[in-house]
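Open the model in your viewer and keep the sequence panel beside it.

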Amino acid sequence: MRQQTIKREARAKPEAQEKNGEQAKTTAKAETKKQRRERLLTERQSSSTELARLQQQMKTEIEHDTEEGDPDVYEREKLLAVIRALEDKIESLNYALKALDAGHYGFCERCGNEIGTERLKAMPGTTLCVKCKAETERLLRRGFGNS
Ligand SMILES: [Zn+2]
């Protein structure tokens, strides 16, 4: 049974390599717009749920700790940071959904190259390819865009 699978894979590979130029296109199209939309919507849904939960937690904690200099201030800051990150994420997912409708989802906003399915799966809301993301972060660290 196992051997059979290996054989089949071995047979499929050279064929794929043969059409290497075509292969990139095929891989990108292997994932349909519908699949991408579904992933973005699922991601947004779970982020929204998490956000609502954290906001509720935040509210509850504030109501309970009204004294100044309470020891939970650090925890609350942390919670707030997570909330902000989630808000950013939802915003980027909304943006990605719009880009999907406009037909340019999956392409880097900076260089125009394909972002790649693997990266989109890991970070559905991303608008930059790995290279540009790294570059942008390097620029940010140097103080660009920090004004
Ligand atoms: Zn790029």
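Which pattern does the chain follow, read along the sequence? The pattern is α-α-α-α-α-α. The secondary structure comes to six helices and zero strands. Bear in mind that this is a predicted model.

**Stop 1: the whole chain, coloured by pLDDT**

Select everything. The mean pLDDT of the chain is 80. Of its residues, 70% reach 70 or more. Now select residues 5–28. Here pLDDT stays under 50. The model has four contacts beyond four places in sequence for this stretch. Where pLDDT is low, predicted coordinates should not be read in detail.

Switch to colouring by burial. Of the 147 residues in the chain, 10% are buried.

**Stop 2: helix 4**

Select residues 73–102, which are helix 4. How many residues does helix 4 have, and how far does it reach? The helix has 30 residues and reaches 43 Å from its first C-alpha to its last. That is close to the 44 Å expected at 1.5 Å a residue. Its buried residues are Leu 86, Leu 93 and Ala 96.

Zoom in on Leu 86. Is this residue buried or exposed? Leu 86 counts as buried because it has 20 C-beta neighbours inside 10 Å. Show its contacts beyond four places in sequence: Ser 47, Glu 50, Leu 51 and Leu 54. Draw a distance to Leu 54.

Ile 90 is partly exposed, because 18 other C-beta atoms lie within 10 Å, and burial takes 20 or more. Leaving aside neighbours within four places, Ile 90 is in contact with Arg 44, Ser 47, Ser 48 and Leu 51. Draw one more distance, from Ile 90 to Glu 43. Their C-alpha atoms are separated by 8.4 Å, and they are 47 residues apart along the chain.

A helix has 3.6 residues a turn, so residues three or four places apart point the same way.

**Stop 3: leaving helix 4**

Step off the end of the helix to Gly 103. This glycine follows helix 4 and has a positive phi, near 90°. Continue to Gly 106, in the loop between helix 4 and helix 5. Why does Gly 106 count as buried? Gly 106 is buried because 21 other C-beta atoms lie within 10 Å. Beyond four places in sequence, Gly 106 touches Glu 114, Ile 115 and Leu 120. Pro 124 is 18 residues away along the chain from Gly 106, and the C-alpha atoms of the pair are separated by 8.9 Å.

**Stop 4**

Select residues 117–122, helix 5, and pick Leu 120 within it. Leu 120 counts as buried, because it has 20 C-beta neighbours inside 10 Å. Its contacts past four places in sequence are Gly 106, Ile 115 and Thr 126. Now draw a distance to Arg 36. The pair is 84 residues apart in sequence and 8.7 Å apart in space, C-alpha to C-alpha.

Which residues make up the largest nonpolar core? Select Cys 108, Ile 115, Leu 120, Leu 128 and Cys 129, five residues in all. In soluble globular proteins, nonpolar side chains tend to be buried together.

**Stop 5: helix 6**

Finish with residues 130–141, helix 6. Its 12 residues should span 16 Å, because each residue is taken at 1.5 Å. The end C-alpha atoms are 17 Å apart, which agrees. How many buried residues does helix 6 have? The count is zero, and the helix is hardly covered. Just after helix 6, select Gly 143, which takes a positive phi of about 105°.

Terms used:
Residues are numbered from 1 along each chain as its sequence is written. Helices (H or I, at least four residues) and strands (E, at least two) are DSSP runs, numbered from the N terminus. A residue is buried if 20 or more other C-beta atoms lie within 10 Å of its own, exposed if 12 or fewer, and partly exposed in between; C-beta atoms are placed from the backbone. Two residues are in contact if their C-beta atoms, placed from the backbone, lie within 7 Å. A nonpolar core is a set of buried Ala, Val, Leu, Ile, Met, Phe, Trp, Tyr and Cys residues joined through C-beta atoms within 7 Å. pLDDT is the predictor's confidence in each residue, from 0 to 100. The expected span of a helix is 1.5 Å times one less than its number of residues.
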